[in-house]
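Please look through the model below before reading on. The paragraphs that follow go through its strands, its helices and its charged pairs.

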Amino acid sequence: MVGNIAEQPMGEMNYSHHKSVKWYKNWKFITIAIIIMIALLLGAISYYQANHFNGNKTINGIEVSGLTADEALKALQTSVLKNEIYIGEQQILDGEDIQLSYTEKEDLPAIKKLLKSQWTFFPSFKEKNYTLLPDQQDNYLSSVLKSELEQKINSLNQNLQAPKDAQVILKQGKVEIIDGIDGTQYDVTSLLKEYEKQKYLGEIHLNPVFMKPVKKDSEIVTNAEKRLEELLQHSVDYKVQDKVYSLKGSDFIKDASVSADMKVTIDPSHFKTKINEINDIQSTLGKDFSFKTHSGSVISVKGQGYGWALDVEKETLLIQEAFEKGEKLVSAANIHGNGWSNEGYGYETTTNNGIGNTYAEVSIKEQRIWLYRDGNLVLTTNVVTGKHSTKEDTSPGVWYVLFKRTPYTLKGSAVGKADYAVEVDYWAPFTNSGQGFHDAGWRTNWSSNAYLTGGSGGCVNVSPSMMKAVYDNLSVYEPVVVY
């Protein structure tokens, strides 16, 4: 048995098929239209984004959001910089209002480069300030205003508390560390650097940056502490004539300090005490010389023109600087005495109790002189010294030959006589007051007691026949011992 199959009417089938094809065609058209619209929209967005700045964008603090490069250039050209400078919330400087010289030729390419760099496909509102330095740098901002800012900060600092660096000191022979203390003075260098980054903004806000002290845990302090410890262990050999004194830091340095640049400053008082001690032992200025006469007897003669002493103040400074600089050996360099310019003589002489082996010996009692060279007697002769009855005696003491002249005109005065001017062939003075050796052709009395009532005005008269030999055997600066 064959079943019956229901048959669909032909008209209904054609209608349904036609409707399906139509719907398909419409959907395809709509899709294409939507795609085209989206593409156009995206293209428009892309074009806009490529030619306009995103939101919340500034150049040198000037709003350029939504502007083209040309519009941004015009905004920069017409903007006025107020040049107000703040530190924190405090305005410290109100500079001149200026307009910067941005040009289309030189600066527009840079603006376009910024525009390109900030591009995003979809709009962005991320806040960003770009710095754009005009091709032609403004002298007012770069030089004048910066200088005014520096002066202003320095002026403010005068009334603010300076920081105190940590200190490493030697006190009573012990190393101590004092920690640094914060101050309220501004760090000028840091603030000027920050200004350089903001100088084209017009309103410049500088974060307060304060000068920092060196703290006790810093490397500087560690090195300073080490420097003082080394100083205490350091020794300087101090040479005076032929003697050397070894001065150890720990014995003489009780108070000292070290700066941040490792410069040591020493209290020299203990050095001064030591140099005074050395001076008392070795110097000859104003002291009595032990002198062995031609006869072999030993007498004491006071140093007068001849002799030397250490300049204690200058020598103290010399030793102080030697320790501060790390030197190991110094020789005495500051000598003074009774010379015409306060120079001292005899420092180089260490033999014969400081007189040496080349000298002139003058005996008032015996009215005679002896000249020695290198310990050998080279000449002796009788002389006439200063007149005793009028107290014009030749001055006793250890002197030195000041200079030599041949010929020479002696000028002076004598007790009871008018001023005189006398020509002599040879002249060798040994006192600053004008006493010296010279020939006396006018003298007739050469006896050993002539000096008592008929002596000179203080000089040592030598007979003309012996004076040239005496003159030739005298040397400038050699000692003259008168007793």
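**Strands, helices and charged pairs**

Ile169 has Glu176 of strand 7 as its bridge partner. This is a predicted model, in which local features need pLDDT of at least 70, side-chain atom pairs count only at pLDDT 80 or more, and totals for chains, interfaces and linings use all residues. Residues are numbered from 1 along each chain as its sequence is written, and side-chain values use heavy atoms, with hydrogens and water left out. Helices (H or I, at least four residues) and strands (E, at least two) are DSSP runs numbered from the N terminus, and two strands pair if DSSP finds at least two bridges between them.

Strand 6 (residues 167-171) and strand 7 (residues 174-178) run antiparallel and are joined by five bridges. Two residues lie between the strands of this hairpin, and Gln172 takes a positive phi near 55° there. Strand 6 is also joined to strand 11 (residues 256-258), again antiparallel, by three bridges. In that pairing Val168 stands opposite Val258 of strand 11.

Arg227 itself sits in helix 6 (residues 219-233). Arg227 is buried but has no salt bridge, and the nearest side chain of opposite charge, Glu230, is 4.9 Å away. Here buried means under 20% relative accessible area, exposed over 50%, and partly exposed in between, with a 1.4 Å probe and protein chains only. Lys and Arg count as positive and Asp and Glu as negative, while His and the chain ends are not counted. A salt bridge requires a side-chain nitrogen of Lys or Arg within 4 Å of a carboxyl oxygen of Asp or Glu.

By that rule there are eight salt bridges. Side chains of opposite charge can pair when their charged atoms come close. One of the bridges joins Glu196 to Lys199, with the closest N and O atoms 3.0 Å apart. Glu196 is partly exposed, at a relative accessible area of 30%, whereas Lys199 is buried, at 7%. Lys146, Glu196 and Lys199 are linked in a network of salt bridges.

Another salt bridge is formed by the side chains of Lys272 and Glu313, at 2.6 Å from N to O. Lys272 lies in helix 8 (residues 269-282) and Glu313 in helix 9 (residues 312-325), so this pair ties together parts that are 41 residues apart in sequence. Lys272 is partly exposed, with 32% relative accessibility.

An α-helix has 3.6 residues a turn, so residues three or four places apart point the same way. In helix 5 (residues 188-198), the buried residues are Val188, Leu191, Leu192, Tyr195 and Gln198. Viewed down the axis of helix 5, these buried residues fall within an arc of 120°, so they line one face of the helix; the arc is that of the directions from the helix axis to the C-beta atoms. Among the elements covering them are strand 3 (84-87), helix 4 (139-157) and strand 8 (203-206). The face turned away from the buried side of helix 5 carries the exposed residues Thr189, Lys193 and Lys197.

In helix 3, Asp107, Leu108, Ile111, Leu114 and Leu115 are buried. Down the axis of helix 3 the buried residues fall within an arc of 115°, so they too line one face. Lys105, Lys113, Lys116 and Ser117 are exposed on the other side of helix 3.

Where does Ala360 lie relative to Lys105? The two are 255 residues apart in sequence and 97 Å apart in space, C-alpha to C-alpha. Ala360 is found in strand 18 (residues 359-363) and is buried, with a relative accessible area of 0%. Its contacts beyond four places in sequence include Trp370, Leu371, Glu478 and Val481.

Glu478 also forms a salt bridge with Arg373, at 3.7 Å from N to O. This pair links distant parts of the chain, 105 residues apart: Arg373 is in strand 19 (residues 368-373), and Glu478 is in the loop between helix 11 (464-472) and strand 27 (479-482). Glu478 is buried at 5% relative accessible area, while Arg373 is partly exposed at 27%.

Val481, in strand 27, is the bridge partner of Val398. Strand 21 and strand 27 pair in the antiparallel sense over four bridges. Both faces of strand 21 (residues 397-400) are covered, with Gly397 and Trp399 buried on one side and Val398 and Tyr400 buried on the other.

Key
Contact means heavy atoms within 4.5 Å.
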